[in-house]
Amino acid sequence: MSEKKVAVTVYAEATPNPKVMKFVANKAIIMGDSVEFVNIDDAKNSPLAIKLFHFPFVKEVFLAKNFVSITKFDLMEWEDVVMEIREFIRKFISEGGIVLNESQESAENNEESSSETIQIEEVAPEELGEVEQRIVDILDEYVKPAVESDGGNIRFISYEDGTVSVLLQGACSGCPSSTVTLKQGIESILKKMLPTLIKDVVAING
């Protein structure tokens, strides 16, 4: 008896960033960490992202476990294209399209990047100090779920002299409310849970 195939559904969800729309699938679309592409050259390991960049209004593509966040250029309004993009993504996934060549992505991640991509050096988990590990744990438990629900992601980059540097991705990158989120949300949580250790939180792409 063959296993019943579950139909793929995708729904669109607005984010705090008016330029970004989140397209959520009812199944996982990638297995590893989220990944962001700022142009088609960046997207060589993602057949889905490459096809999305062929839409003239698509500026950036962000892939997470079960959703795609798309940043658009101002030349189109979401109401004019959201149904087309939603159906395109649904059909791509339903037909077994490869969303991300994850083995290639991980192997080539640090080898080369486009001139538009911010160069970052994330600290390897085994190299984290005690305070850094506590910061990462707090971000993972208290911040990431909320950020992901808004169509974005946050990555810990460094901690030095009381300042925490993070990378904002997806809908959180360039969002008008990201500064408020950073200061009133993330910074206040870290200061409350790690008093005397945290002075400031900055986004390296903010």
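The side chains of K144 and D140 meet in a salt bridge, with N and O 3.9 Å apart. (Here a salt bridge is a side-chain nitrogen of Lys or Arg within 4 Å of a carboxyl oxygen of Asp or Glu.) Both residues sit in helix α4, and because they are 4 residues apart, about one helical turn separates them. K144 is partly exposed at 23% relative accessible area, and D140 is partly exposed too, at 39%. For these labels, buried means under 20% relative accessible area, exposed means over 50%, and partly exposed is in between, using a 1.4 Å probe and protein chains only.

A word on what you're looking at: this is a predicted model, so to speak of a local feature a pLDDT of at least 70 is needed, side-chain atom pairs count only at pLDDT 80 or more, and totals for chains, interfaces and linings use all residues. Residues are numbered from 1 along each chain as its sequence is written, and side-chain values use heavy atoms, with hydrogens and water left out.

**Salt bridges**

The structure holds 5 salt bridges, and three of them are set out here, including the one above.

| Pair | N to O distance | Relative accessible area |
|---|---|---|
| K144 and D140 | 3.9 Å | K144 23%, D140 39% |
| D74 and K19 | 3.9 Å | D74 56%, K19 37% |
| E187 and K191 | 3.1 Å | E187 10%, K191 34% |

D74 counts as exposed and K19 as partly exposed. The helices and strands named here are DSSP runs (H or I of at least four residues for helices, E of at least two for strands), numbered from the N terminus.

E187 and K191 repeat a helical spacing: both lie in helix α5, 4 residues apart, about one turn of the helix. Is E187 buried or exposed? At 10% relative accessibility, E187 counts as buried. Leaving out residues up to four places away in sequence, E187 touches L182, K199, D200 and V201, where contact means heavy atoms within 4.5 Å. Helix α5 itself covers residues 178-193.

**The sheet and the helix on it**

Three strands form an open sheet in the order β6-β7-β8, with mixed pairing. Two strands pair if DSSP finds at least two bridges between them. The edges are β6 (152-160) and β8 (200-203), each pairing on one side only. On average, neighbouring strands in this sheet are turned by 30° against each other, direction ignored. Helix α4 (residues 130-149) packs on the sheet, touching β6 and β7, and its direction makes about 160° with that of β6. Such angles run from 0 to 180 degrees between N-to-C directions, with axes as lines fitted to C-alpha atoms, for helices over the stretch in contact.

β6 and β7 (residues 163-170) pair in the antiparallel sense over 8 bridges; in β7, V164 is the bridge partner of Y159.

Most residues other than glycine have a negative phi. D161, in the loop between β6 and β7, has a positive phi near 50° and is exposed at 65% relative accessibility. T196, in the loop between α5 and β8, has a positive phi of about 75° and is exposed at 79%.

**Cores**

Which residues touch the most other members of the largest nonpolar core? Of its 30 residues, they are F23, L52, L63, V68, I70 and I89. (A nonpolar core is a set of buried Ala, Val, Leu, Ile, Met, Phe, Trp, Tyr and Cys residues joined through side-chain atoms within 4.5 Å.) Two or more residues each come from β2 (20-25), β3 (35-37), α1 (47-53), β4 (58-63), β5 (67-72) and α2 (78-94). The largest share, 7 residues, comes from α2.

Setting aside residues up to four places away in sequence, L52 touches V58, V61, V68, I70, I85, F88 and I89. Apart from this core lies another, of 20 residues, among them V136, F156, V164 and L168.

**Confidence**

The protein chain averages a pLDDT of 84, and 82% of the residues score at least 70. (pLDDT is the predictor's confidence in each residue, from 0 to 100.) Over residues 105-119 the pLDDT is below 50, and this stretch has 18 contacts in the model beyond near neighbours in sequence.
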